Amino acid sequence: MAGRVVLHGIGASPYSKRVELALKVKGIEYEFVEEDLTNKSEALLRFNPVHKKVPVLVRNGRPIAESPVLEEGIKGSYPMGFPFINGDNMGLLYIFVCPILGPHKVLEEVLGIKFLDPEKYPTVTSWVKALNELPLVREAMPPHEKLVGVLQFLRASLLESAVA
Ligand SMILES: N[C@@H](CCC(=O)N[C@@H](CS)C(=O)NCC(=O)O)C(=O)O
């Protein structure tokens, strides 16, 4: 994937994060444009005029939207994955799971529900822990406190609109 690559996204979106992780795993350099979904940029509206959603990846001025399409495209660009635990490669499955299960402590803190019980699910819990400790993932994922704030805000907005 040569040329200038720009990703329009938001740091707290699992869809955006999956694409960011895929780019990092493949070692593809990119610029990240943080969008404000309450005030979408003119560029986002131009690049994704129908859905007006992030993520949108713009390569040499040509936009591609929809995270699964993006991940497939990125996967096809380079033959090798990134070495992960047990000699496995950090492939699409990990990239998909990471933004969902990675911040499980955020979900637990805000929603008060236990998602990953280490006693019930020791293998998955240690697998997610190893994933979260990868430098690439630590660098890509937003800080715990930031995600807690975003989720609290989303929860409050949804509860408010449900009673309105
Ligand atoms: N199917 C899309 C979904 C992306 C999506 O839902 N993005 C949300 C942020 S998490 C968005 O841009 N929402 C803006 C809106 O609905 O106006 C994908 O996989 O890329």
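Begin by selecting the largest nonpolar core, which has 21 residues and in which Val19, Ala22, Val56, Leu57 and Ile95 have the most contacts; such a core is a set of buried Ala, Val, Leu, Ile, Met, Phe, Trp, Tyr and Cys residues joined through C-beta atoms within 7 Å. Colour next the elements that give two or more residues to this core, namely helix H1 (14–25), helix H2 (42–47), strand S3 (56–59), helix H3 (67–77) and helix H4 (92–101), of which H1 gives the most, with 5 residues. Helices (H or I, at least four residues) and strands (E, at least two) are DSSP runs, numbered from the N terminus.

This is a predicted model, in which local features need pLDDT of at least 70 and side-chain atom pairs count only at pLDDT 80 or more, while totals for chains, interfaces and linings use all residues. Residues are numbered from 1 along each chain as its sequence is written.

Proline 103 counts as buried because it has 23 C-beta neighbours inside 10 Å, the cut-off being 20 or more. With residues up to four places away in sequence not counted, proline 103 touches Met141 and Leu147, and its C-alpha atom is separated by 7.4 Å from that of histidine 144, 41 residues apart along the chain.

Finally, select the ligand and the residues around it: Ser13, Tyr15, Leu37, Lys52, Lys53, Val54, Pro55, Glu66 and Ser67, each with its C-beta atom, placed from the backbone, within 6 Å of the molecule.

Notes:
A residue is buried if 20 or more other C-beta atoms lie within 10 Å of its own, exposed if 12 or fewer, and partly exposed in between; C-beta atoms are placed from the backbone. Two residues are in contact if their C-beta atoms, placed from the backbone, lie within 7 Å.
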